[in-house]
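Let's take a walk through a protein chain together. Have the sequence and the 3D view open as you read.

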Amino acid sequence: DTPVELALPGGEVLALTGENGAGKSTLSKIIGGLVTPTTGQMQFQGQDYRPGSRTQAEDLGIRMVMQELNLLPTLSVAENLFLHKLPSTAGWINRKQLRQAALEAMAQVGLDAIDPDTLVSELGIGHQQMVEIARNLIGDCHVLILDEPTAMLTAREVEMLFEQITRLQARGVSIIYISHRLEELARVAQRIAVLRDGNLVCVEPMANYNSEQLVTLRVGRELGDRLDMGPRDIGAAALTVKGLTRADKVRDVSCEVRAGEIFGISGLIGAGRTELLRLIFGADTADSGTVALGSPAQVVNIRSPVD
């Protein structure tokens, strides 16, 4: 494959996009110190840059927020934010100082309403993502890599993130923003880099391309007006849910999924999607309602995921 050559000025947002498997995450992990390149060199602030680990990259101010969250669920938000630099007095953690520092870090990403002493395990996945972003903004941050940062965020949290990106740009922070969402890239990025099969096929000003042109660059061919999914043979009901309820999380939900069917469940963060699926799968216990299989429907007693 052709070697990747890329330069990132201070204060710029570079959109990095491409299909799944194009090499976006691998390239980012090389920059972030998680993967060692086979060949090639990198420079950071005019000096050779060869991080041996993520920690070495972070010490230089190169941070990466990955899709896989790097938080400890049994610790508080504040402890996660300052895990490697817990403020202490005479060998004891200074809880007052830790709480105040956490409040300041959380305010940067719009988490003012959350108590810093809350366990991370008690937060929704969207809020956990914002905690991860806040953790990476603590201290000197010169390069920030955001890998699909809005995938689990609500519209309000996305706006908070975009505001923070604008502030970081004003401070001269360089940002690599990885996303499939072209409307987001057009909003936040000045340039776009497109990877295809590990090759860098485009590094251009964002304004030079519309969404259709970018899709063509990503896949390497023109796309038709519609995607032919082929014939679909939809059969009888395979799963029937009736009146499923658990406290105030899931209220009287009924649905039917037929054989050969793809059944979509959508909603905002906190709407109850995960809670509904946990009830169906037996990870949580329902207060009322039934789950049935087959046609005609036979009610089953699922008390755990093992069942």
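## The chain as a whole

The chain holds 9 helices and 14 strands. Keep in mind that this is a predicted model. Along its principal axes, the C-alpha trace spans about 70 × 60 × 35 Å.

How much of the chain is buried? Of its 307 residues, 39% are. Now look at contacts between residues at least 6 apart in sequence: 61% of them join residues at least 24 apart.

## A sheet of four strands

Next, find the open sheet of 4 strands, whose order is β12-β11-β13-β14. The pairing here is antiparallel. On the edges sit β12 (250–258) and β14 (298–300), each of which pairs on one side only. From one strand to the next, the twist averages 25°. Helix α9, residues 273–281, packs on this sheet and touches β11 (237–246), β12 and β13. The direction of α9 makes about 115° with that of β11. If you're wondering what links strands like these, the strands of a sheet pair through backbone hydrogen bonds, either parallel or antiparallel.

Is Thr240 buried or exposed? Its relative accessible area is 12%, and buried means under 20%, so Thr240 counts as buried. Leaving aside residues up to four places away in sequence, Thr240 touches Cys255, Glu256, Thr290, Val291, Ala292 and Ala297.

## Where β13 meets β14

Let's zoom in on one pair of strands. β13 covers residues 288–293 and pairs with β14 in the antiparallel sense, over 3 bridges.

The loop between β13 and β14 contains Pro296. A cis peptide bond joins Ser295 and Pro296, with an omega of about 5°. That's worth a second look, because most peptide bonds are trans.

## Two residues with a positive phi

Gln45 is not a glycine, yet its phi is positive, at about 55°. You'll find Gln45 in the loop between β2 and β3 (47–48). Its relative accessibility is 59%, and exposed means over 50%, so Gln45 counts as exposed.

Ala247 also has a positive phi, of about 45°, although it is not a glycine. Back at the sheet, Ala247 lies in the loop between β11 and β12. Ala247 is exposed, with a relative accessible area of 52%.

## The largest pocket

Last stop: the largest pocket, which has a volume of about 1000 Å³. It is lined by 35 residues, and the closest to its centre are Val4, Leu27, Ile31, Gln41 and Met42.

Which elements give two or more residues to the lining? They are α1 (24–31), β2 (43–44) and β8 (174–178). Of these, α1 gives the most, with 4 residues. Sorted by type, the lining of the largest pocket has 18 nonpolar residues, 15 polar and 2 charged.

Note on methods: Residues are numbered from 1 along each chain as its sequence is written. This is a predicted model: local features need pLDDT of at least 70, side-chain atom pairs count only at pLDDT 80 or more; totals for chains, interfaces and linings use all residues. Side-chain values use heavy atoms; hydrogens and water are left out. Two strands pair if DSSP finds at least two bridges between them. Axes are lines fitted to C-alpha atoms, for helices over the stretch in contact, and angles run from 0 to 180 degrees between N-to-C directions. Contact means heavy atoms within 4.5 Å. On a 1 Å grid over the protein atoms alone, a cavity is a set of points where a 1.4 Å probe fits but cannot get out, and a pocket is an open set with protein on both sides within 12 Å along at least five of seven lines; lining residues have an atom within 4 Å of a point. Grid points are joined across faces, edges and corners, and a volume is the space filled by probe spheres set on the points. Ala, Val, Leu, Ile, Met, Phe, Trp, Tyr, Cys and Pro count as nonpolar, Asp, Glu, Lys and Arg as charged, and the others, Gly among them, as polar. Buried means under 20% relative accessible area, exposed over 50%, partly exposed in between (1.4 Å probe, protein chains only).
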